[in-house]
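Open the model in your viewer and keep the selection tool at hand.

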Amino acid sequence: MIMLAMGITSMLVHGYLTQNMISSVIVPVIKDKCGKITCKDNYRPIAISSIFTKVLEKLLFTRMEEYICTASNQFGFKKGLGTDMCIFSLKEMIRYYRKKGSSMFICFLDASKAFDRVNHELLFKKLQDQNVPFYIIRILIVWYTEQTCVVRWGTVLSKSFCVTNGVRQGGLLSPKLFNIYMNDLSVELNNVPIGCAFDRVYNHLMYADDLAVFAPSAIGLQKLLNICDQFGVKNDILYNAKKSALLIVRADEDMDLVFPNFYLNKKRINKLASVKYLGHIFTDKLLDDEDILRQRRYLYMRGNILKRKFYLCSIATKVEIFKSYCTQMYTPHLWCCFKNTSMKSLITAYNQTLRGLLGIPSFCSASQMFAMTNIVSCQALLRNSIFNFMYRINETNNVIVYSIMNSDMRFTSALQMHWRNVLYTASFGS
């Protein structure tokens, strides 16, 4: 440990890194297994580096943390936050304005390969503006200006090449560096008095490079999109209008109105009835049936895979496998507006998945099955998810979540009323 500490100290003092520390292996990982595996856009480059490199990154991360301050609109890679917090904040603000009689215009922007397009010169300037100590900036300059990479495809390695832009996906420091790089966009958007007014005006939410911009007026949203467009030009971030999506949640009195088109990079953005954002499906009616269907399909898919691969395993092993792969539902605590049949179908899918894995006939009691295997039922799983999320949002120090939870939405929100019904009356109806 003493020799390791001396080595790292020398590197920081002299601004020097060995060749094996600044070289990495890039492994392409497929994004969508159901998509085209021959399309280069369906792969994400993950940089694999040495253990010693990760130790240095962890040290730099610890020393930079006190200097890194990004806007509360950024939910990505922050302690105590997550995608569900970002989704919760967006859905609550949309519901609040719709209930007040105002339509909401939401644009989900797609940044093409944002992590790979980071301009190193601009990044180092932004770090300097954050008052990050110069010895840290110097070691990062050496790291990123002299780095070399090889691509591994199967067992074959490409020739070594230099990388002149982007942050290394898979690195411990990369998420924080990217947040700093994108923080100026939040600053510019927050300085515009357009958006949803609570204790202050909110007009966008971010999770890393996944950006949602929203306003209660059409002209207001277009102004926000223009700001995003200008930021992209200045910072080498390319927002793709074709992959971006527009969702209009209409108030009851605006159902027959014709709203204008919206443009990004002088290209029209597609208006959709439903959009998947951070893995959660938003609809223009604010209904959760489509997202419940997504979870139900996932359960059946996962159950069939487990049944096929582990049919020879013991009952105890199958039970542990089910707990690991089928009891982790995504954002069930954010469902509140759905048909009873959708929830019943999800519960049936959960029960049938366990029955199929264990080989239990469908006519056997579900309650007895859960008691014998010590697995929680789907209803109990939903209640636990709601309770845990309520605890998290009450403990968070995020300004946006705090504003929502300390407004009248705590008592009037359809979602939070649903939480109370589920926890205190065990009701899962719409």
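Is the crossing of α13 and α16 left-handed or right-handed? To see it, select residues 378–395 for helix α13 and residues 414–425 for helix α16. The crossing of these two helices is left-handed. Bear in mind that this is a predicted model.

Keep both helices selected. Their axes lie 10 Å apart, and α13 and α16 pack at an angle of about 125°. The two helices are therefore oblique to each other.

Next, show the side chains where the helices meet. On α13, select Arg 383, Ile 386, Phe 387, Phe 389, Met 390 and Ile 393; on α16, the residues they meet are Trp 419, Val 422 and Leu 423. Sorted by class, this contact of α13 with α16 holds eight nonpolar residues, one charged residue and no polar ones.

Now leave the helix pair and turn to the cysteines. How many disulfides does a search of the whole structure find? The search finds zero.

Select Cys 336 and Cys 337 to look at one case. The closest cysteine sulfur to that of Cys 336 belongs to Cys 337, at 3.6 Å. A disulfide needs the two sulfur atoms within 2.5 Å, so the distance of 3.6 Å is too far for a bond. Cys 336 has a relative accessibility of 6%, so Cys 336 counts as buried.

Last, select Cys 364 together with Cys 326. Cys 364 is in no disulfide either, and its nearest cysteine sulfur, that of Cys 326, is 19 Å away. With 28% relative accessibility, Cys 364 counts as partly exposed.

Notes: Residues numbered from 1 in each chain as written. Predicted model: local features only at pLDDT ≥ 70, side-chain atom pairs only at ≥ 80, totals over all residues. Heavy atoms only, no water. Axes fitted to C-alpha atoms, helices over the stretch in contact; angles between N-to-C directions. Helix = DSSP H or I, 4+ residues; strand = E, 2+ residues; numbered from the N terminus. Parallel < 35°, antiparallel > 145°, perpendicular 65-115°, else oblique. Left-handed = near helix turned anticlockwise from the far one by under 90°. Contact = heavy atoms within 4.5 Å. Nonpolar A, V, L, I, M, F, W, Y, C, P; charged D, E, K, R; others polar. Buried < 20%, exposed > 50% of the residue type's maximum accessible area, 1.4 Å probe, protein only.
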